[in-house]
Amino acid sequence: MIDWLLNALPLSYPDAVVVVGTAVLGFVAGALGPFAVLRRRSMFGDAMSHGTLPGVVLAFILTGTKTPELLLLGGAASAAAAALAMIGLERTGRLRPDAAIGVVLSMSLTLGIVLLTQLAGTGNSRQSGLNSYLLGQAAGMVRRDILFALVLGGLALAAVVVWFRVLRCATFDPGFSAVAGIPARAVDIASTALLVVAVVLGVRTVGAILMVALLVAPAVAARQLTRKLSGMVPLSGVIGAAAGATGGVLSGKAELPAGPVIVLLATAVAVLSVVLAPRRGMLARLRRRRGRAARA
């Protein structure tokens, strides 16, 4: 199926791999993003994406290989550690949530850059390319990356489908979910795990710095177009996939890095949705306000 799709696209094989891969990553990140946005965990996801960088470098130091799955496993572990650090700092009561996120985000990025700089100074030629996890490098994608994203992303999306009602209840009405016996800690762990999956899959393409935009921008755009979470999740995924595929094509033709192009496209869609959405957009609200003033 993948081979058929790659060969059917009117692109060279490397470009087709990038376009299909970025579309898959965009769909997964876009579909999981609403749970971070609606639970006001957007910056939490940003800190986790920055937290992947030290894990990627440490995984290379420990294994001596740049096998993507091993590096991303290290990134997932350090992203989870960053999440635990933020939750721990919040629960001490000494720091506000935004301060805890700021501390972990800056510390993670700093540690990652220090490790990268130290590694570059060793003269180890095999470390070349690790800095691409900072800003992303979609051009290095291969067929195996698409399969990896399909399997891991498919498992995450299947979990969303199976536990959709629980996630929806905990997202919109945490008080009722607690009364109904839904364990809040389990929901937090599940939501964090879904964020880890989205971040780990996208960090190699978009980079640790820009990954949060791929989570947030499609969700913001979808939120302006639908009021139901059941519609918002797939719509956000489609917007993310479209931004990924279009960004992959445009970046290849313009010889620009794919990650920033994808993020710019997704952000442009979000801005246009905020302004032009039929019911919730700024212009629609302005028209309704003028209509009410005229009738008064």
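Residues are numbered from 1 along each chain as its sequence is written. Because the model is predicted, local features need pLDDT of at least 70 and side-chain atom pairs count only at pLDDT 80 or more, while totals for chains, interfaces and linings use all residues; side-chain values use heavy atoms, with hydrogens and water left out.

**Stop 1: helix α7**

Select residues 143-162, which make up helix α7. Helices here are DSSP runs (H or I, at least four residues), and strands are runs of E of at least two, numbered from the N terminus.

Now colour by accessibility. Buried means under 20% relative accessible area, exposed means over 50%, and partly exposed is in between (1.4 Å probe, protein chains only). Which residues of α7 are buried? They are Asp145, Ile146, Ala149, Gly153, Ala156, Leu157 and Val160. Viewed down the helix axis, the buried residues of α7 fall within an arc of 110°, so they line one face of the helix. The arc is taken from the directions from the helix axis to the C-beta atoms. An α-helix has 3.6 residues a turn, so residues three or four places apart point the same way. On the other side of α7, Val151, Leu155 and Val162 are exposed.

Show the surroundings of the buried face next. The buried residues of α7 pack against α1 (2-8), α2, α4, α8 (164-172) and α10 (184-206). Contact means heavy atoms within 4.5 Å.

**Stop 2: salt bridges**

A salt bridge is a side-chain nitrogen of Lys or Arg within 4 Å of a carboxyl oxygen of Asp or Glu.

Arg41 sits in the loop between α2 (13-38) and α3 (42-63), and Glu90 in helix α4 (residues 68-91), so the pair ties together parts that are 49 residues apart in sequence. Arg41 is partly exposed at 22%, and Glu90 is partly exposed with a relative accessible area of 22%.

**Stop 3: two loop residues with positive phi**

In the loop between α2 and α3, select Arg40. Its phi is near 55°, a positive value in a residue other than glycine. Arg40 is exposed, at 79% relative accessibility.

For the second case, go to Glu255 in the loop between α12 (229-254) and α13. Glu255 is not a glycine, yet has a positive phi of about 55°. Glu255 is exposed, at 74% relative accessibility.

**Stop 4: Gly33 in α2**

Select Gly33 in helix α2. Gly33 is buried, with a relative accessible area of 0%. What does Gly33 contact, leaving aside neighbours within four places in sequence? The contacts of Gly33 are Leu215 and Ala219. For a distance check, draw a line from Gly33 to Val17: the C-alpha atoms are 24 Å apart, and the residues are 16 apart in sequence.

**Stop 5**

Select Gln224 in helix α11 (residues 211-225). Gln224 is buried at 15% relative accessibility. Not counting residues up to four places away in sequence, Gln224 touches Ser273, Val274, Ala277 and Arg280.

Finish with Leu272, Leu276, Leu283 and Leu286, a nonpolar surface patch with about 350 Å² of accessible area together. Patches are made of residues with over 30% relative accessible area and no salt bridge, with nonpolar side chains (Val, Leu, Ile, Met, Phe, Trp, Tyr) joined within 5 Å and like charges within 9 Å. Accessible areas come from the Shrake-Rupley method with a 1.4 Å probe, and for residues only the protein chains shown count as cover. Helices α13 (258-276) and α14 (282-295) each supply at least two residues of the patch. Leu276, in α13, is exposed at 51% relative accessibility.
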